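Hi,

Here is the structure I promised to pass on.

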There are 2 protein chains.
Amino acid sequence: MTTRIACLCPGKPVLRDRADAVLAMAQAEFPDVELRFHTQCFLEQGHFAGDDATRLDALVSTANDPGIDAIWFGMGGYGSNRIAGEAIPLLGEAACDKTYLGYSDNGYLLGALYTHGIGKPVHGPLAGDIKREGGDDAVRRVLKYLSGQNVPLESGLDDRSTVAFNLMTLAMLVGTDLMPDLTDHVVLVEEVAEHLYAVDRLFFHVTQNLKGVAGIRLGRVSDVPDNDRPFGATAEEIARYWCAKSGIPYLGRADIGHDSANAIVPFGKR
Amino acid sequence: MTTRIACLCPGKPVLRDRADAVLAMAQAEFPDVELRFHTQCFLEQGHFAGDDATRLDALVSTANDPGIDAIWFGMGGYGSNRIAGEAIPLLGEAACDKTYLGYSDNGYLLGALYTHGIGKPVHGPLAGDIKREGGDDAVRRVLKYLSGQNVPLESGLDDRSTVAFNLMTLAMLVGTDLMPDLTDHVVLVEEVAEHLYAVDRLFFHVTQNLKGVAGIRLGRVSDVPDNDRPFGATAEEIARYWCAKSGIPYLGRADIGHDSANAIVPFGKR
């Protein structure tokens with residue numbers, strides 16, 4: 001049975017050579033996968049892969065296309081929050097039968113879909129991750145997952161509902177119309193390219209806004225920029241500190257991050 | 001009548017030469033001002049001017065000292081949010097008779113004081129701003145203000161309650177225990193050293209979390225780092241966009257920012 005996957009870029013564009021590498025792998029290794037990149041993925045409009053109207057239209061028309069089984073996000077960047085709120089009321093029945101897979105900035109969209117019970121939001125590698133070290137494996141893992149093969153998911157998923165977010169994305173989501181109710185959820189977070197003082201600041205904000213969650217697990221905090229002085233605590237010490245202060249159980253590490261090992265984490269119950 | 005001012009650093013330390021320059025100006029030009037820098041201001045503990053307990057103790061003991069008229073923050077940096085929540089219940093009657101003046105990271109503390117009706121929180125230049133171009137004037141303006149002389153405040157203040165915050169600080173404040181109720185307030189925001197996509201992201205978050213305010217005024221957005229591509233909108237276009245989208249009146253520019261022109265803005269009614 002054929003799995004029809006459409007790649008979209010709700011934030012920044014994907015480079016053509018990355019898309020070509022993903023298409024080549026799909027063709028060589030996944031005869032039962034029909035993969036296409038929407039032309040929107042390659043547009044450039046200031047920061048974004050096309051203006052808001054173009055990215056919104058690509059998202060809504062693809063989500064409402066019953067001939068597509070899964071929407072796979074090509075890149076993160078920034079910008080899915082600018083169209084997520086507008087997209088939700090335009091999504092019909094066909095949009096509910098789909099998997100939506102990506103991470104980082106796409107978390108705004110995954111969160112909004114989860115809030116409204118539309119389709120199956122899944123945290124996992126982007127098509128554009130193929131250019132990372134070990135990125136072939138990350139992309140292969142997603143293609144296997146989307147075509148129904150057995151692949152390892154984030155370890156330690158249990159009977160509790162789970163979500164996974166970039167920490168900054170989650171910090172910007174809380175309190176907005178896009179934010180799902182995460183009561184009794186295990187919340188996985190990861191971060192990239194933020195100073196540790198900014199990670200501390202984000203944990204302050206997020207833990208105060210996540211009362212009632214089952215707990216927080218910390219993914220990788222990578223590419224921390226050099227600062228003029230050491231922060232004085234590690235990322236895990238920061239997570240433990242703010243979890244303890246807000247009464248949220250700290251549940252240990254998670255295998256997510258801006259790297260090719262970034263685990264697949266379906267939102268909700270297993 | 002003597003005005004007794006104590007400088008504290010709830011975030012990062014102030015450099016000794018900046019403190020000395022401020023003390024020299026106070027001695028030369030303000031015979032009626034008694035100014036001292038708490039020893040805590042010069043400590044270094046990782047990122048902070050002393051550990052949390054030390055900064056908290058300096059803040060609480062100084063605020064509760066009836067022999068001090070005003071607490072002036074020496075630097076911003078990061079860290080006042082780590083002690084503000086603990087400080088509030090420890091503040092007594094003498095703390096309520098004081099002015100608290102600063103900006104940037106100190107906004108967590110100004111916000112918490114305002115939330116609890118403790119003293120007079122004021123947005124304005126830091127002692128450490130003396131090293132900026134024109135910083136002498138900024139510091140002189142604060143010393144005049146704190147000693148009861150007439151100085152120009154932010155222009156356009158009207159009968160509505162007003163607050164002023166660094167945008168990132170306000171974004172991290174919303175939804176927390178420190179956050180004041182800003183219903184019907186005019187909210188002034190400024191930002192420094194953030195990419196425009198990050199400013200856009202912060203406006204998305206803040207406008208969604210500030211429903212019911214009277215309006216937003218935009219201060220300076222300075223030292224925007226170069227990005228690999230232009231964002232495609234100016235800071236003011238970003239402010240207008242998100243204000244319109246969330247139904248918050250955009251009320252024009254404000255004369256605040258990370259510079260020596262940074263206006264004095266008393267929190268609350270004029």
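In chain B, B:Thr162 sits opposite B:Val186 of strand S7. This is a predicted model, where local features need pLDDT of at least 70 and side-chain atom pairs count only at pLDDT 80 or more, while totals for chains, interfaces and linings use all residues. Residues are numbered from 1 along each chain as its sequence is written, chains are lettered from A and ligands numbered from 1 in the order in which they are written, and side-chain values use heavy atoms, with hydrogens and water left out.

Back to those strands. S6(B) and S7(B), residues 186–192, run parallel and are joined over five bridges. (Helices, H or I with at least four residues, and strands, E with at least two, are DSSP runs numbered from the N terminus; two strands pair if DSSP finds at least two bridges between them.) They belong to an open sheet of four strands in chain B, in the order S6-S7-S8-S9, with parallel pairing. Which strands stand at the edges? They are S6 (162–166) and S9 (250–253) of chain B; each has a single partner strand, so one side of each is left without a neighbour in the sheet. From one strand to the next, the twist averages 20°.

Across S7 and S8 (215–222) of chain B lies helix H8(B), running at about 160° to S8(B). (Axes are lines fitted to C-alpha atoms, for helices over the stretch in contact, and angles run from 0 to 180 degrees between N-to-C directions.)

Chain A also has an open sheet of four strands, ordered S6-S7-S8-S9 with parallel pairing. In chain A, S8 (residues 215–222) pairs with S9 in the parallel sense over two bridges, and A:Ile216 is found opposite A:Tyr250 in S9(A).

Now for where the chains meet. Contact (heavy atoms within 4.5 Å) links 37 residues of chain B with 37 residues of chain A. Between them the chains bury about 3200 Å², 53% of it on carbon and sulfur atoms. (Buried area is the accessible area, with a 1.4 Å probe, that two parts lose on being put together, summed over both.) On the chain B side, B:Met172, B:Arg201 and B:Arg229 lose the most area to chain A, together 20% of what that side buries.

How many salt bridges cross this interface? The rule finds four, a salt bridge being a side-chain nitrogen of Lys or Arg within 4 Å of a carboxyl oxygen of Asp or Glu. One pair is B:Arg82 with A:Asp200, whose closest N and O atoms are 2.9 Å apart. Among the helices of chain B that each supply at least two residues to the side touching chain A are H3 (81–87) and H8 (196–208). H8(B) gives the largest share, seven residues. Sorted by class, this side of chain B has 16 nonpolar, ten polar and eleven charged residues. (Ala, Val, Leu, Ile, Met, Phe, Trp, Tyr, Cys and Pro count as nonpolar, Asp, Glu, Lys and Arg as charged, and the others, Gly among them, as polar.)

Cheers
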